[in-house]
Amino acid sequence: MSKLFSPIRLGPLELPNRIVIPPMCQYSAVDGKATDWHTIHLGHLALSGAGLLIVEATAVKPEGSISQDDLGLWNDETEEALSKVVDTVRRYSPVSLGIQLAHAGRKASVSKPWEGDRSISPENGGWQPFAPSPIPYHQGDTVPEELSRKRIENLVDFFVKAAKRA
């Protein structure tokens, strides 16, 4: 028998099989908040029989979002919206859930992939990205501000807070 369908333990988590659904950006959030789309999308995947479902890249702060439509987990409102989705999924499926907490770095403030995946400058409704180095995502994109030690410490704090919310 294939190991794919056999249980596996990941630390304290025991999964009934080794099927993992990876995170898939949906670009369907509103101000970082999960929407009905997330309930439908994740609910559908949760019924697949997979052992683990990982929620899409979820920004830990607004300026760390890839696009204006990315899922976030940086305040009470984003937590409450995602909580409703998780509660619905858990009501109908035993699937274990994970989440990909994220900060887009130099890829922040870009259009959706099907709209060109290009930088949106602050002058055009985007925001100033910040990253480990001042190297743009694509040539000609907004140059990110280089992270200082203080901003790195601040960003770590946002990851910690988002992990607690998750």
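**Figure 1. Overview of the predicted model.** Of the contacts in the protein with a separation of 6 or more, 58% are accounted for by residues 24 or more positions apart. The model shown in this and the other figures is predicted. The protein has 3 helices and 8 strands. Along the sequence, these elements follow the pattern β-β-β-α-β-β-α-β-β-β-α. Taken along the principal axes, the C-alpha atoms fill a box of roughly 55 × 35 × 30 Å. The protein has 166 residues, and buried residues make up 39% of them.

**Figure 2. The loop between S3 and H1, with tyrosine 27 and aspartate 31.** Strand S3 covers residues 20-21 and helix H1 covers residues 36-46. Tyrosine 27 is in the loop between S3 and H1, and aspartate 31 is found in the loop between S3 and H1 as well. Tyrosine 27 is not a glycine, yet its phi is positive, at about 50°. Aspartate 31, also a residue other than glycine, has a positive phi near 50°.

Figure 3. Alanine 34 is placed in the loop between strand S3 and helix H1. Its relative accessibility is 12%, and because buried means under 20%, alanine 34 counts as buried. Which residues does alanine 34 touch, not counting residues up to four places away in sequence? They are Leu71, Ala81, Leu82 and Val85. Leucine 82 is 48 residues from alanine 34 along the chain, but the C-alpha atoms of the two are separated by 5.3 Å.

**Figure 4. Helix H1 and the elements that cover it.** The buried residues in H1 are His38, His41, Leu42, Gly43, Leu45 and Ala46. Among the elements that cover these buried residues are S3, strand S4 (52-59), strand S5 (71-72) and H2. Aspartate 36 also lies in helix H1. With a relative accessible area of 63%, aspartate 36 is exposed.

**Figure 5. Packing of helix H1 against helix H2.** Two packed helices are described by the angle between their axes and the distance between the axes. For H1 and helix H2 (residues 76-92), the angle is about 30° and the axes are 9 Å apart. Angles under 35 degrees count as roughly parallel, and H1 and H2 are therefore roughly parallel to each other. The crossing in which H1 passes H2 is right-handed. Which residues of H1 meet Val85, Thr88 and Val89 in H2? They are His38, Thr39, Leu42, Gly43 and Ala46.

**Figure 6. The nonpolar cores and valine 85.** In soluble globular proteins, nonpolar side chains tend to be buried together. The largest nonpolar core here has 20 residues, and those that touch the most other members are Ala34, Leu42, Leu53, Leu71, Leu82, Val85 and Val89. Two or more residues of this core come from each of H1, S4, H2 and helix H3 (149-165). Which element gives the largest share of this core? H2 does, with 5 residues. Not counting residues up to four places away in sequence, valine 85 touches Ala34, Thr35, His38, Thr39 and Leu42. There is also a second, separate core of 6 residues, including Tyr27, Ile66, Ala104 and Trp127.

Figure 7. Lysine 61 is in the loop between S4 and S5. Is lysine 61 buried or exposed? Lysine 61 counts as buried, because its relative accessibility is 10%. Its contacts, leaving aside neighbours within four places in sequence, are with Trp74, His103, Phe130, Asn154, Leu155 and Phe158.

Technical notes:
Residues numbered from 1 in each chain as written. Predicted model: local features only at pLDDT ≥ 70, side-chain atom pairs only at ≥ 80, totals over all residues. Heavy atoms only, no water. Helix = DSSP H or I, 4+ residues; strand = E, 2+ residues; numbered from the N terminus. Buried < 20%, exposed > 50% of the residue type's maximum accessible area, 1.4 Å probe, protein only. Contact = heavy atoms within 4.5 Å. Axes fitted to C-alpha atoms, helices over the stretch in contact; angles between N-to-C directions. Parallel < 35°, antiparallel > 145°, perpendicular 65-115°, else oblique. Left-handed = near helix turned anticlockwise from the far one by under 90°. Core = buried A, V, L, I, M, F, W, Y, C linked by side-chain atoms within 4.5 Å.
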